[in-house]
Amino acid sequence: SWHYINLLVRKTLSVSDMPMYCSSNGHHPTDNIIDQIHKNIRELKSSNTTFSEKQYALSFLVHLIGDLHMPLHVGDDNDLGGNQKQVRYFSPVSRSNKGHVTNLHSLWDNLVEVKAIEDPDYLGRELEGKITSADRAAWDTGTVEDWAMESYAVAKKTIYPSLPVGPTAAVIPLMRDYHSHMRPICDKQLEKAGVRLAFILEAI
């Protein structure tokens, strides 16, 4: 439960709804990605935390800031963040007309691919090179809750509108150019996550 928060995309929610909504939608109020990030930050700042505890907190902070920027770790359609939506995905490099069947969450977890194809170090350098000083200034603001709501907005306004409501037994065919539409959004979320992780670490 540290890795996600289920904010329903068929409702219109705001930051102020979050504490009450966490409690009523299957979460303990302090057992979700947002509260765990705050806990990790407190542990890294504390003089009472041991070195090994700080290492543990740091590893989770890095991981969870990434997850926070993956829209399906925040937005939900009563489908476990897309885990219960089966989709047929057509890779831009595949010549097959059959596509690949996977679930929506896994597709986004793998950078809008059935399996991520890029080398992480290369991808990191490539994305870093695209971040401008204006981007940094725009993204070095707000709270963890604000950043979660950004991801929620992507899920609500971009990922889910064209899909059936709730979990699905049938496989949903995605549009052929799904990758070209969605991958730039994924890349931008990764860039934001990197800038904001650096912002948090410098503050600590």
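Predicted model: local features only at pLDDT ≥ 70, side-chain atom pairs only at ≥ 80, totals over all residues.
Is His69 buried or exposed? Its relative accessibility is 2%, and buried means under 20%, so His69 counts as buried.

Which residues does His69 touch, leaving out those up to four places away in sequence? They are Trp147, Ser151, Gln189, Lys192, Ala193 and Arg196.

## Helix α2

Helix α2 covers residues 33–45. It has 13 residues, and the distance from its first C-alpha to its last is 19 Å. This is close to the 18 Å expected at 1.5 Å a residue.

The buried residues in α2 are Ile33, Ile34, Gln36, Ile37, Asn40, Ile41 and Leu44. Viewed down the axis of α2, these buried residues fall within an arc of 165 degrees, so they line one face of the helix. Where are the exposed residues Arg42 and Lys45? They are carried on the face of α2 that is turned away from its buried side.

## Packing of α2 against α7

Two packed helices are described by the angle between their axes and by the distance between those axes. For helix α2 and helix α7 (residues 144–159), the angle is about 145 degrees and the axes are 10 Å apart. The crossing of α2 past α7 is right-handed.

Which residues make the contact? On the α2 side they are Ile34, Ile37 and His38, and on the α7 side they are Val144, Glu145 and Ala148. By type, the residues of this contact divide into 4 nonpolar, 1 polar and 1 charged. Two of the α2 residues named here, Ile34 and Ile37, are also among the buried residues of that helix.

## Ser16

Ser16 sits in the loop between β1 (7–8) and α1 (18–24). With a relative accessible area of 61%, Ser16 is exposed, since exposed means over 50%.

How far apart are Ser16 and Lys39? In sequence they are separated by 23 residues, and in space by 20 Å, C-alpha to C-alpha.

## Loop residues with positive phi

Asn78 is in the loop between β2 and β3 (85–89). Its phi is near 55 degrees, a positive value in a residue other than glycine.

Val112 is in the loop between α4 (104–109) and α5 (120–130). Val112 is not a glycine, yet it has a positive phi of about 60 degrees. At 0% relative accessibility, Val112 counts as buried.

Note on methods
Residues numbered from 1 in each chain as written. Heavy atoms only, no water. Axes fitted to C-alpha atoms, helices over the stretch in contact; angles between N-to-C directions. Helix = DSSP H or I, 4+ residues; strand = E, 2+ residues; numbered from the N terminus. Left-handed = near helix turned anticlockwise from the far one by under 90°. Contact = heavy atoms within 4.5 Å. Nonpolar A, V, L, I, M, F, W, Y, C, P; charged D, E, K, R; others polar. Expected span 1.5 Å × (residues − 1). Buried < 20%, exposed > 50% of the residue type's maximum accessible area, 1.4 Å probe, protein only. Arc of directions from axis to C-beta.
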